[in-house]
Every structure is written in structure tokens, then in C-alpha cells.
Amino acid sequence: MKSRSAVLTAFSSDFPALFAPGARLTAMPDGWDIAGGDSAGWGRGVAGLIWIEAEGGVAFSDTAHHRRLFWAPGQDPELLSQAAGAITGATIDERGRFVSGDWHGRRIIAEEQGGETTILANRFEGKPFHRPADICNGPDGSLYFIDQKPLFPPSDPAPAVPGSAVYRIDRDGRVERLAINLPFPGGLAYDAARSRLIVSAPRERTLHAFPLTAGGQVGTGTRLATLGGQGKGAPHGMAIDGDGRIFVGGSGGLWVLAPDGTPIGVLHLTASRVTSVTIGGGRLFIATTVGIGAIELTGKPSADSACLLYTSDA
């Protein structure tokens, strides 16, 4: 098991206090041939990171090999599925189902308790999606997900929905396209107050906040932060803790932001780029283009929701 001291750049005195004294970044063991690397982009490496409370670890997707695996610090990874599809975003819905965005299948699917698969969405207004990516539970039991239009035409010639977009599946299964006009959204999560949907734009290296309105719709968005600068990396999947802090990839590594978007600090990852983040069991789990790392946090778990797993001690 590899571990090393984490290199931190603090913009606020609050940043070092988020991590346990002497905390080290522990990496998943080598030997699993995660097909990413320094030149890999979104959709290569580890994605769809989910904290599994009962097992004390995280489930994740190795997108290039279409595998789903499980890893807990101190253990070897465990293969969960050899034919999981190219999953780049996943969550556990309010019914306890594993819900994911399947790039190649161009659909949102749920794995039922009996093992069968249910297609929750694969079209909007009669047209197929492009590449469903990140997905998150909404505070009202709905599901929000991103559909990304690829740079190159897909092999399926069927006319797809126009452009990249953010969609919502309500509790009755209806699919709605939200008024989020970002050219290429990357990741999403709702905030600690359950009042805003935070969406990343990796090509611009920005985060945007959209107020949630009645009926699960969104209001006019504002730019929350720019995560540019020296170093590789861009914002994709993110986690938001019970105090509203945002943990997300950006230039140079893993950024931590205050709820208003003010940078608190950066945990530098020089060998890879961040693709997905989650928090659980007192640890921050960081998925990258080459594997997963975990670092201990101070504080205690929060029971607010699957998207809000951590709150600091007072």
C-alpha cells in the first residue's frame, strides 16, 4: 500500500485544519491496470465514485475496461462486475438502487435489488442522448444528470438531442431538460442547504451555481469559481460536505472551496488528474486518471443525504 505526505497550498488558515494531524494520502494498490495516465482525459481512468457505508469503502468504475470495483483503505480492490459498461457517473437513489450513466449505452440505468437492470432514461423528446455522464440525487428524490455531446460523431447515426445539457428525472420517471446553458457541463451536486445545484464546466475550468426552484427546476445561474492556473486538471465530479465546502478537481489537483466559491486550498496531485470525489468514513476519496487515493479528515459523518456525507466538528 503506497502512502505519501500530501502537499497542500492553503489560501485560508481553515484549510490545514480539515485534515487529520499527520494525515497521509493512501493510494489504491497497483496491479489493476487502470487505463488512464497523465495523457488520459475524462472517460478514462476511475470515475463514478460512491461511498458504501456498510462496507467501509468506495465502489467505482474503471471506464476503459468496463469494470466496476470496490476498494477500502488497507485492503486490495475487489472486482464487482466485469461487464459494467463505460460508467462515468453513479449514485445510490432513495430506493437503494445503484444508478449510473452508461456512456456507450447512451442511457441512465438502475440496478434493481434482484439484479435486473431498469432503463430510467435513454431519450428526450424521442431523440437519444449522447453520453450520459455525472449523476446526483436531488433533494426531492429526483435524479439530475449530465449528457455530454462528444467532440467526434458517435457510431450510431441516429439524430441525438441538441448539444450537451443537464436533465432531471422526476419521481414519476418524467425527463426534463433544465435551463442550464453551459457548452460542456462536467459534474454536478446540490449544496448543503439543498437550495442550489452546482455544475462544473471543465473546458472553462469553472463552477456555476443555479438556484433550485419549486418543482425541481433551476433559476438563473452565476459563476461561482474559476479553477485555473498552472498544472493539469479541470473540474468534473465533486463532493459537498455538510458545511457547504466544495471538493472538486482543478488545475494542479484537488481544490476545496467555501460555499461562496472562495478558494480555501489545493491538495496537489502532480501525477494525474482528478475525475471524481466523495467523502465517507472520515476520509476524502479522490479518483484520478490512474487510481484512487484517500486521506483522513477531521470531523464526523453527516446523515443528511447521500450527497452530504461529512460535517466538521464545531
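Strand S8 is joined to strand S9 (residues 98–102) by 5 bridges, and the two run antiparallel; strands here are DSSP runs of E with at least two residues, numbered from the N terminus, and two strands pair if DSSP finds at least two bridges between them. Within this pair, Ile-92 stands opposite Phe-98 in S9. The model is a predicted one, in which local features need pLDDT of at least 70 and side-chain atom pairs count only at pLDDT 80 or more, while totals for chains, interfaces and linings use all residues. Residues are numbered from 1 along each chain as its sequence is written, and side-chain values use heavy atoms, with hydrogens and water left out.

S8 and S9 belong to an open sheet of 4 strands, whose order is S8-S9-S10-S11 and whose pairing is antiparallel. Because strand S8 (87–92) and S11 stand at the edges with a single partner strand each, one side of each is left without a neighbour in the sheet. From one strand to the next, the twist in this sheet averages 25°, an angle taken between the N-to-C directions of lines fitted to C-alpha atoms, on a scale from 0 to 180 degrees.

At the other end of that order, strand S10 (residues 107–111) and strand S11 (residues 117–121) run antiparallel and are joined by 4 bridges, with Ile-108 standing opposite Ala-121 in S11. S10 and S11 form a hairpin that has 5 residues between its strands, and Gly-115 in the turn has a positive phi of about 105°.

S14 is joined by 5 bridges to strand S15 (residues 143–148), the two running antiparallel, and Asn-137 stands opposite Leu-143 in S15.

Seen as a whole, the chain has 30 strands and 0 helices, where a helix would be a DSSP run of H or I with at least four residues. Of its 314 residues, 55% count as buried, that is, under 20% relative accessible area with a 1.4 Å probe, protein chains only. Among contacts (heavy atoms within 4.5 Å) between residues at least 6 apart in sequence, 47% join residues at least 24 apart. The accessible surface of the chain comes to about 13100 Å², of which 50% belongs to carbon and sulfur atoms, as computed by the Shrake-Rupley method with a 1.4 Å probe.

Note on methods:
Buried < 20%, exposed > 50% of the residue type's maximum accessible area, 1.4 Å probe, protein only.
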